[in-house]
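This report goes through one protein model, from the whole chain down to single residues. Please keep the sequence and the structure in view while reading.

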Amino acid sequence: MKQRWIVLAVTASLVLVLGSCAGAPGPTPAPAPTTLEAPPSSSTAPTPTPDTTHTHPSTSQPPVPQPTPSPTPPPIIHPPSSAPPVLPYDGPIIDAHSQCCPENLGRIIQLMNQAGVTRTILSPGVTSPRGIVTPEDLISFSSSHPGRIIPAVLTKIGPYGNYYQLLEKQMNMDGFGAMAEFLVYHSRKGDRAPEIIVYPEDRQMQTALNYALGKKWPFIIHIEFAAAGCPRNELMTKLKALLVQYPDQPFVLIHMGQLDHAAVRQLIEAYGNIYFITSSSTPAYAVNAFNDRWTNMFDGSHLSADWKQLIIEHSDRFILGFDMVWVEDWGPFYLGQVRLWREAIGGLPSEVAHAIAHRNAERLWHLPPSE
Ligand SMILES: [Zn+2]
């Protein structure tokens, strides 16, 4: 098995919750342990299979006499429904959050071109067999492809060095245009990774948040609400407090926060500064090795009716993002996920599709328009 985890050295403010709800977990100081982030379900997600539906005409058969063309036109076949056929969205796309390994840097641009992804907000991701992408590597990669890659400040900790020093170093470098997801609640992944909780008031998060506030960057938070168990209510209360405390700061729940459409609607309608990145919310993530409870926004290959309605009503709050993480994510899996989303948002009104595909990201991260 490849080494696929990022080692996160954590500071005293990080709490490991070891499955007990006793004593209502709070920001209790803990000794500095080592934690691991395990792979998302994409490691077990089915890889899109090649399109084998196209058949080639056989050349081994003798030519068959062709009938004389009839002057009458072919009959019009009416589809079972009167609805017009849904075409995939073919406009620009910004991937608002993905991660890279050294192995991927040579192929990300080509894959983006294949998928029609205009820009990617990219952060160094996990440690891979070839090591890590350093902040310098990422800035250099971005500079080689002007306008395509927006480097995002890494907020994970580990082989990169001291968390606070690394943050400060990146914030002092030219070229970053975003901050990567901050892990607030990350569920246990089998024996690969313990639970991770960093409470919003903890120094780790406050430091990152203050940097994001200073740059007017959206603050992306990873909270697996469905998996959070006991701390779920406390985390939701603290998230809401943040939304009130910083009314002009966009907060973005990545992976839809593992929330259902009713909970997402409630947040959107109560707070003007909460947004959602759609990563990990397709059927490919529904079944996975760790029983992660990712949100599934789909009914087959289409958005489910509830999600479609919510997105249409609040099209300014949803942002496409694919969160490719592992070496193998950047390949057919990526192309399949982008294709699925193009089909899904093709069924939305054009203005809505463009909003979630790129305009919301352009507005929030201060990017030039893609069109
Ligand atoms: Zn995440």
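**Model and confidence**

This is a predicted model, in which local features need pLDDT of at least 70 and side-chain atom pairs count only at pLDDT 80 or more, while totals for chains, interfaces and linings use all residues. Residues are numbered from 1 along each chain as its sequence is written. Here pLDDT is the predictor's confidence in each residue, from 0 to 100. The protein chain averages 82, and 75% of its residues score at least 70. Over residues 1–20 pLDDT stays under 50, and over residues 22–71 pLDDT also stays under 50.

**Chain and sheets**

The protein chain has 9 helices and 14 strands. These are DSSP runs numbered from the N terminus: helices are H or I with at least four residues, strands are E with at least two. Two residues are in contact if their C-beta atoms, placed from the backbone, lie within 7 Å. Among contacts between residues at least 6 apart in sequence, 78% join residues at least 24 apart.

Two strands pair if DSSP finds at least two bridges between them.

Another open sheet has 4 strands, ordered β3-β4-β5-β6, and its pairing is parallel. Here β3 and β6 (178–179) are the edge strands. Val 153 stands opposite Met 179 in β6.

| Strand pair | Sense | Bridges |
|---|---|---|
| β9 (residues 219–223) and β10 (residues 251–253) | parallel | 3 bridges |
| β5 (residues 149–153) and β6 | parallel | 2 bridges |

**The core**

A residue is buried if 20 or more other C-beta atoms lie within 10 Å of its own, exposed if 12 or fewer, and partly exposed in between, with C-beta atoms placed from the backbone. Of the 371 residues of the protein chain, 42% count as buried. A nonpolar core is a set of buried Ala, Val, Leu, Ile, Met, Phe, Trp, Tyr and Cys residues joined through C-beta atoms within 7 Å. The largest such core has 87 residues, and the members that touch the most others are Met 179, Val 184, Ile 221, Val 252, Ile 319 and Ile 356. Not counting residues up to four places away in sequence, Ile 319 touches residues including Val 252, Tyr 275, Phe 276 and Ile 356.

**Helix α9**

Helix α9 (residues 350–364) has 15 residues, so at 1.5 Å a residue it should span 21 Å, and its end C-alpha atoms are 20 Å apart, which agrees. The expected span is 1.5 Å times one less than the number of residues. At Ile 356, α9 bends by about 55°; the bend is the angle between axes fitted to the seven residues ending there and the seven starting there. Its buried residues include Val 352, Ile 356 and Ala 361. Among the elements covering them are β3 (93–100), α7 (305–313) and β14.

**Two positive phi values**

Most residues other than glycine have a negative phi. Met 256, in the loop between β10 and α6 (261–270), has a positive phi near 60°. With 24 C-beta neighbours inside 10 Å, Met 256 counts as buried. His 366, in the segment after α9, also has a positive phi near 60°. His 366 is partly exposed, with 14 other C-beta atoms within 10 Å.
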